[in-house]
Amino acid sequence: MNPVVAPTSQPSAPSASAASGASGASGAPAPVIGLRGAAVRVGGRTLWSGVDLDVRAGEFTAVLGPNGVGKSTLVKVLLGIVPAASGEIRVLDRRPGEAGSRVGYLPQRRSFDPDLRIRGIDVVRLGLDGDRWGVPLPFSRTRRDERERIAEVVELVGASAYAHRPIGQCSGGEQQRLLIAQALVRRPEVLLLDEPLDSLDLPNQSAVAALIGRICHQERVAVVMVAHDVNPILHHLDRVVYIAEGGAVSGTPDEVIDSDTLTRLYGTPVEVLRTRDGRLVVVGQPEAPAVHSDRHAG
Amino acid sequence: MGSPVLSWNLLDDFQLMWSYPFMVNAFRAGAIVAVVAGAVGWFMVLRRQTFAGHTLSVVAFPGAALATLAGFSLSLGYFGFCIAAALAVAALRRGREPGGSEESAATGTVQAFLLACGYLFMALYKGLLEGPQSLLFGSFLGITGGQVTVLAVAGVVVLAALAAIGRPLLFASVDPQVAAARGVPVRLLSVAFLVLLGAATAEAAQITGALLVFALMVLPAATAQVLTARPGLSLLLTVAIGFAVTWAGLVAAFYQPYPLGFFVTSFAFALFLLAHGARAVARARERRRAESGRPVLVGSAA
């Protein structure tokens, strides 16, 4: 569908984690993200505890669970915005928040204001140089390299056709692709996504999910994605964390998305059905019904 | 002076105007103010902080009124009040998202109180000056060389500060969450921007008067953002439009017996309408081309 930059042309992405003493890239590399008995407290209440998780380069991990259980908080803990109450957390062999531009982040959001007169490509550029002070030299070599990198990443997400339009006039799916490009523009080794499929229609959900899966596996980026619904991403996933009130389970989708495991986790009967095309359907999960709100309503 | 007549030989006209020192000062001050107000106003329009900007411009009035009453320099009154009000607005909405509805209430409180103070100062003064009218609607007759110097120095400081924080400020304005995650000090930038906004408002108020500051702060930026979505070009266009309407307003006010603020605002407003008209035409043409072209494809999933 979209032109893809071959993984061999980007040797820089996995090199940093290899330098940390891990074994080779193809064998069993050290986890890029590691949580051991992690717990978090917000406002005196323990949201979750006992979370163990290893995510390796090129692995796609989903964080699932009911609303309000602290899925987004897990991403904020990995970013270092919210401190963990206990346990050990390592991101790229550092403490959370210390890996800088090696971690890309896409927060949960509604959408850009329709009247915002900034092009999509400018929003992508902000991901590259938006935190730099002062005025850039307009015709320098770095400026040209940056322009090339932006064009490359915009093409990677398949947004070249509308990247020059004001971002407020792009559709929800188009905005989400541009924001993924923004998060990827500095070639992060870890990509943290908070409900990126929320407020997208079904075709766009599966298209964006496929895009994230492709970036994860081909560009060797470790992806942690908070998701409301497992179905659009299920066949791209390598690993799943299910969070419930208090506890959590993690493992491969087959291990975790299982009637017995989820029933034990939630303490209420949950049934996991397998459809003929191999998809898993979770029934009875104690979750508020999905809200498909209009994206312009906010 | 007798009533001069515009000859439409612009070289002669400018030579005539340049023979009056007060006009030279007015052109200089107008140029400085147009550039500073345009650049800061561009960010204000992008950040949707026009209400905060309006409050700061209203505050320019009590500042100038108090300076007149207490007998200290007008510039001090303008800059002191506007920057203090900027800090007050920043303090009142700590921890809130920029442009939120909570901001309007707190900001409105400051605005109403200070406007009332300005009214009191004017009532106490009962002086010989033209009274509140020139403070509210602007005047170009009495600009001194010293005032131009103050405007220039303050303008250079504001522009230098804006250039230094420009990119992180743009990031924080467009995408505050990601900017914060990238380590951009979003809240600090928001306070810094309000201070710059206060300083730019204090500058503009000295030319257009407190009530017509928006002619230079909002209209050029709004017009430029209608015409282009490229940030750099849009910013340059804003400054150019502000400069053009200010000088055109000065020429018009020199030759016509009507006030400067009216001319500057009307020219800026006319350009704003023209820009919207141009965009509507361009859009209609685009739509017609799209309709006559290929049918719209519904994308298939993945």
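In this predicted model, residues 137–163 of chain B are 74% helix and 0% strand, with the end C-alpha atoms 30 Å apart. Another span of chain B, residues 235–255, is 100% helix and 0% strand, and its end C-alpha atoms lie 31 Å apart.

Chain A contains an open sheet of 6 strands with mixed pairing, in the order 5-6-7-3-8-9. Strand 5 (103–106) and strand 9 (248–251) of chain A form the edges, each pairing on one side only. On average, and with direction ignored, neighbouring strands of the sheet are turned by 10° against each other. Strand 6 (residues 190–194) and strand 7 (residues 222–226) of chain A run parallel and are joined by 5 bridges. A:Leu191 has A:Val223, in strand 7 of chain A, as its bridge partner.

Helices of chain A also meet this sheet. Helix 5 (residues 172–184) of chain A packs on the sheet and touches strand 5 and strand 6 of chain A, its direction making about 160° with that of strand 5. Helix 6 of chain A lies across strand 3 (60–64), strand 6 and strand 7 of chain A, and runs at about 155° to strand 7.

The contact between the two chains takes 22 residues from chain A and 24 residues from chain B. On the chain A side, helix 3 (120–129) and helix 6 (202–218) each supply at least two residues. This side of chain A has 13 nonpolar, 3 polar and 6 charged residues.

Methods: Residues are numbered from 1 along each chain as its sequence is written. Chains are lettered from A and ligands numbered from 1 in the order in which they are written. This is a predicted model: local features need pLDDT of at least 70, side-chain atom pairs count only at pLDDT 80 or more; totals for chains, interfaces and linings use all residues. Helices (H or I, at least four residues) and strands (E, at least two) are DSSP runs, numbered from the N terminus. Two residues are in contact if their C-beta atoms, placed from the backbone, lie within 7 Å. Ala, Val, Leu, Ile, Met, Phe, Trp, Tyr, Cys and Pro count as nonpolar, Asp, Glu, Lys and Arg as charged, and the others, Gly among them, as polar. Two strands pair if DSSP finds at least two bridges between them. Axes are lines fitted to C-alpha atoms, for helices over the stretch in contact, and angles run from 0 to 180 degrees between N-to-C directions.
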